[in-house]
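Visitor: I am new to this one. Please take me close to the place where the two chains meet, and then to what lies behind it.

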Protein chains: 2
Amino acid sequence: MLAVTILGNNSALPAFDRHPTAQVVTLDDQLFLVDCGEGTQMQMAKYRIRRSRINHIFISHLHGDHYFGLIGLITSMGLLGREHDMHLYGPAQLKELIDMQLRVADTTLPFALHFHPLQEGLIANEDKFRVFCFKVSHRIPCWGFRFEQKRAPRRILPEKAIDMGVPAAFFDKLKWGEDYTTKAGLLIKNESVTMAAPSPLSYAYSADTMYDENIIDKIKGVNLLYHETTYLKDLADRAIKRFHCTTEQAATIAGKAAVGRLIIGHFSSKYEVLSEFENEARAVFSNTDLALEGVTYRVLGS
Amino acid sequence: MLAVTILGNNSALPAFDRHPTAQVVTLDDQLFLVDCGEGTQMQMAKYRIRRSRINHIFISHLHGDHYFGLIGLITSMGLLGREHDMHLYGPAQLKELIDMQLRVADTTLPFALHFHPLQEGLIANEDKFRVFCFKVSHRIPCWGFRFEQKRAPRRILPEKAIDMGVPAAFFDKLKWGEDYTTKAGLLIKNESVTMAAPSPLSYAYSADTMYDENIIDKIKGVNLLYHETTYLKDLADRAIKRFHCTTEQAATIAGKAAVGRLIIGHFSSKYEVLSEFENEARAVFSNTDLALEGVTYRVLGS
């Protein structure tokens, strides 16, 4: 299962009750936080995201609207007594900043914070998922991320499994290919009570970037792509100057990369109404949705 | 005129839709921001505080719930094109932190940010007001502030002033003691159309502190005192361990310092309901109110 919950969809300035960038990516049983603008911990409370379930945080770049909420979130996790490890992926200078903020507060976190400086390529490689990092084109160094299931869970045939004596408590293991042995010692082969897994799911977050066809290879064929769309298409000149994208540009990238579905966000605070973003992007790539705060965008395995 | 608008009244963890510490102090035509927890710029938008009117920001100490919102606010002011000077008063290391955050974002502010490291004594001495800084007792270095009118505005006798030909547009100057000369060259002495000014107003903010009678001298006789009250009185032991105060302790300080009125805040997130804070503090110092977000506490000259 892959899902993205938007916590903030606005660009630099908070406006119209829209917040700076932050999103939670759910990949099976894992929750990732991707960028963390000011107020993210409050948005998490509002949308009932459990902080304790997040073990990996990814920060794309060091413009404040993408990370000013991080130190508050980390500090709160500490105050709440978190003990399990946290992995933080971000530009190298982020570690210096956090260390300094903890030092001046005389704060020692009660959990291990493992820092992974961003670099091109594979940056996380866990049991069930991996994450690739790639450069995008922004005014300061900025990275996108591609999250991939290593393999999707197999599909259980529940009636058959129950018939053959597999208890429901074992279903999660069935999904990941384990065989079951009954109390009587009978081996139930996984294949006899499950179907093959669908293709692994993938999600790409291309952060803040100007139009850049170099990223197409990096995000090729993902089920879901988030691409920034700071401006409508009539402001293409401003978009270039500020290293951002328009609706048309984001949708063009989605088409060229043959992604399954596109969500667009990072709207400029000059726009109060967002409907034209949807119209313009859909004219180029029909399977597009606005990234709206509090909304979860799901992709089910095929 | 003296007024304090509460933007955040909670201690370390945001909870129950209460926010970390921030307040706006209005002294005649000046707006001061005192502490700036995460989300302060959003709270300012919610309560319609005009960012552009704030020219002095005071940060009491470097625990995150008192300053994590500062860099976002400053950055937003820059993005909005602010050009007039800002004065920032805070612990010396705050400047290093801000400089670093601006540097990694490759951001140059379009306005001058004058940094004034905190020290005991007079830290701001302007035309109409002055600010004293004093040490309080917390786990890390922490300061309180005392804001004083240099003199209160004189009281205009409007009918008399109009009778004598002073236009309403000149009334603001009348308040500050200027004489008026009519077009015909007649001098209208200020004293003939105004009454003496009331006593100058003063406000003290004692930041995060454990019970400390050393501050009494520093806040003596202010019209309005904000004192932290993280815990109810039954948790006096915990208050000491964490360098905070209880209701009774805050109210005791208010009484010993003979202040006019007390507002209490910085409530622990262990309390959802706050009414008992009011009850306990009023039992010791009757003129006490809870610091509630969005509420403005005024003191009129006597």
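Visitor: What percentage of the interface residues of chain A are also interface residues in chain B?

Guide: The figure is 100%, so the copies meet through the same surface. A word on ground rules. This is a predicted model, where local features need pLDDT of at least 70, side-chain atom pairs count only at pLDDT 80 or more, and totals for chains, interfaces and linings use all residues. Residues are numbered from 1 along each chain as its sequence is written, while chains are lettered from A and ligands numbered from 1 in the order in which they are written.

Now the meeting place. Chain A gives 26 residues to the contact, and chain B gives 26 residues. Two residues are in contact if their C-beta atoms, placed from the backbone, lie within 7 Å. On the side of chain A that touches chain B, the elements giving two or more residues are helix H1 (40-46), helix H2 (70-79) and helix H3 (93-104). Helices (H or I, at least four residues) and strands (E, at least two) are DSSP runs, numbered from the N terminus. By class, this side of chain A holds 13 nonpolar, 10 polar and three charged residues. Nonpolar means Ala, Val, Leu, Ile, Met, Phe, Trp, Tyr, Cys and Pro; charged means Asp, Glu, Lys and Arg; the others, Gly among them, count as polar.

How do the copies relate? Two copies of a chain are related by a rotation about an axis and a shift along it. Here a rotation of 180° with 0.0 Å of shift along its axis superposes chain A on chain B, with an RMSD of 0.1 Å. That is the relation of a two-fold axis. The copies are superposed by least squares on the C-alpha atoms of residues with pLDDT of at least 70 in both. Within chain A, Gly39(A) comes closest to the rotation axis, with its C-alpha at 2.7 Å.

Seven strands form an open sheet in the order E6-E5-E4-E3-E2-E1-E18 of chain A, with mixed pairing. Strand E6 (113-117) and strand E18 (296-299) of chain A stand at the edges with a single partner strand each, so one side of each has no neighbour in the sheet. Neighbouring strands are turned by 20° against each other on average, direction ignored. Axes are lines fitted to C-alpha atoms, for helices over the stretch in contact, and angles run from 0 to 180 degrees between N-to-C directions. Strands of a sheet pair through backbone hydrogen bonds, either parallel or antiparallel. Two strands count as paired if DSSP finds at least two bridges between them.

Look at strand E4 (residues 54-58) of chain A. Four of its five residues are buried. Buried means 20 or more other C-beta atoms within 10 Å of a residue's own, exposed means 12 or fewer, and partly exposed lies in between, with C-beta atoms placed from the backbone. Strand E3 (residues 30-36) of chain A runs parallel to E4(A), joined by four bridges. There Leu33(A) has Ile57(A) as its bridge partner. E4(A) also pairs with strand E5 (residues 86-90) of chain A, in the parallel sense, over three bridges. His56(A) is partnered by His87(A), and Ile57(A) by Leu88(A).

E3(A), H1(A) and E4(A) make a right-handed β-α-β unit. E4(A), H2(A) and E5(A) make a right-handed unit of that kind too. Right-handed means that, with the strands pointing away from the viewer, the path from the first strand over the helix to the second runs clockwise.

Chain A holds another open sheet of seven strands, in the order E7-E8-E9-E14-E15-E16-E17, again with mixed pairing. Strand E7 (121-125) and strand E17 (288-290) of chain A are its edges, each with a single partner strand, so one side of each lacks a neighbour in the sheet. Strand E15 (residues 224-228) of chain A runs parallel to strand E16 (residues 261-265) of chain A, joined by five bridges. Leu225(A) stands opposite Leu262(A) there. Helix H9 (residues 247-256) of chain A lies across E15, E16 and E17 of chain A, at about 155° to E15(A).

End at Ser206(A), in the loop between strand E14 (202-205) and helix H7 (216-219) of chain A. Ser206(A) is buried, because 26 other C-beta atoms lie within 10 Å. Beyond residues up to four places away in sequence, Ser206(A) touches several others, including Leu225(A) and Tyr226(A). Ser206(A) and Tyr226(A) are 20 residues apart in sequence and 6.3 Å apart in space, C-alpha to C-alpha.
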